[in-house]
Amino acid sequence: QDYTAIKMKVLDWPEAAKNTIQKVLPSISEANVYFLAATLRPETMYGQTCCFVGPKIKYGLFKLHDDTASPGTDNEYVVCTERAARNLSFQGYSAVWGETQQLVELIGADMIGTLLNAPLSVHKSVRVLPMETAQATKGTGIVTCVPSDSPDDYATVIELAKKAEYYGIQKDWATLEVLPIIETPNYGKLTAPALVNQMKIVSPKDPKLPEAKHIAYKEGFYYGTMVYGDFSGLPVQQAKDLVKQKLIDLALAFPYAEPEGIVISRSK
Ligand code: ZZB
């Protein structure tokens, strides 16, 4: 899979996570720490409303290679799974090629409520929220949430807003406005909400979600037109690479590939 890794900068940590991180990064206020979200749809980044972690998933804090960092800084770290960090290290993104150095382990649940910058989004700062269906073995384990165009994300934010107390979050963290980013001929300007409603999807664990996701991908990619942002008016097929390149040029993203069924070994 060819993902785009989006760098979502930490603006404020919850107390518990701050204390843990301060032990390994005493200069936490000078360091730039990013939640690294893997996406297949960079053109939807204008519509990010939160960032998901698996509450039970183990993540780590890893140093980025200076060349991957934004110009002028050599002090950048990412939060992702150990598995993703290993893949990153073989793509030249770790401090030392082929090596991962985890500064500290962080459990998803402990990072809920972290305030992040969402690159290009209408909503400049967004919260880290729990997603029980996030997979530890895919991407970076971190999922940026675009409820306008991802049925899984829309179903999850609806659930979180409905049961905010149960999930230990503030309701307003899950209710940021869902704005139109892409228009599709069959589903209008909010493809994911339209699909979720039409297919009567009622929970993030609904078995109809994979089908909804498949339709949303197909409609968005083949028939979608941008209705927001720098490339408004362009077909998604063209805008996808333009938005990706813009994010890379701004040092807010980089390409991240995931080997399929390949076991990476350090020996030849
Ligand atoms: C933003 C986005 C906007 C996404 C959209 C999709 C859509 P796939 O298709 O199965 O390969 N994702 C990434 N990592 C994980 C994970 N560890 N656990 C659960 N979900 C994950 O999955 C790729 C997409 O699944 C990624 O692209 C990411 O969400 C999510 F409008 O990023 B996407 C119709 C989909 N629309």
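Colleague: At roughly what angle do the axes of α4 and helix α6 (residues 191–198) cross?

Modeller: This is a predicted model: local features need pLDDT of at least 70, side-chain atom pairs count only at pLDDT 80 or more, and totals for chains, interfaces and linings use all residues. Residues are numbered from 1 along each chain as its sequence is written. The axes (lines fitted to C-alpha atoms, for helices over the stretch in contact, with angles from 0 to 180 degrees between N-to-C directions) come within 8 Å, and they cross at roughly 70°.

Colleague: How do α4 and α6 lie to each other?

Modeller: The crossing is at roughly 70°. Angles under 35 degrees count as roughly parallel, over 145 as roughly antiparallel, 65 to 115 as roughly perpendicular and the rest as oblique. The two helices α4 and α6 are therefore roughly perpendicular.

Colleague: Which residues of α6 does α4 meet?

Modeller: By class, this contact of α4 with α6 has seven nonpolar, no polar and one charged residues. Here Ala, Val, Leu, Ile, Met, Phe, Trp, Tyr, Cys and Pro count as nonpolar, Asp, Glu, Lys and Arg as charged, and the others, Gly among them, as polar. From α4, Pro151, Asp153, Tyr154 and Ala155 make the contact (C-beta atoms, placed from the backbone, within 7 Å), and in α6 they meet Ala192, Pro193, Leu195 and Val196.

Colleague: At roughly what angle do the axes of α4 and α7 cross?

Modeller: Helix α4 covers residues 151–162 and helix α7 residues 209–223, and their axes come within 8 Å. The angle makes α4 oblique to α7. Its value is roughly 130°.

Colleague: Which residues of α7 meet α4?

Modeller: The contact of α4 with α7 divides into five nonpolar, no polar and two charged residues. On the α4 side are Pro151, Asp152 and Ala155, and in α7 they meet Leu209, Ala212, Lys213 and Ala216.

Colleague: Which element gives the most to the shell around the ligand?

Modeller: The ligand is surrounded by 19 residues (C-beta atom, placed from the backbone, within 6 Å), the closest being Thr39, Gly139, Asp149, Ser150 and Ala216. Two or more residues of the shell come from each of β2 (32–39), β9 (142–145) and α7. By class the shell has seven nonpolar, eight polar and four charged residues. With three residues, the element that gives the most is α7.

Colleague: How many strands are in the secondary structure of the protein?

Modeller: Helices (H or I, at least four residues) and strands (E, at least two) are DSSP runs, numbered from the N terminus. The protein has eight helices, and its strands come to 12.

Colleague: Which strands do the buried residues of α2 pack against?

Modeller: Buried means 20 or more other C-beta atoms, placed from the backbone, within 10 Å; exposed means 12 or fewer, and partly exposed lies in between. In helix α2 (residues 82–89) the buried residues are Ala84, Ala85, Asn87, Leu88 and Ser89. They pack against β4 (58–63), β5 (76–80), β6 (102–107) and β12 (253–257).

Colleague: What is the phi of leucine 120?

Modeller: Leucine 120 sits in the loop between β7 (115–117) and β8 (125–130). With 22 other C-beta atoms within 10 Å, leucine 120 is buried. Although leucine 120 is not a glycine, its phi is positive, at about 70°.

Colleague: What is the phi of alanine 251?

Modeller: Alanine 251 lies in the loop between α8 and β12. It has 16 other C-beta atoms within 10 Å and is partly exposed. Alanine 251 is another residue other than glycine with a positive phi, near 60°.

Methods
Two residues are in contact if their C-beta atoms, placed from the backbone, lie within 7 Å.
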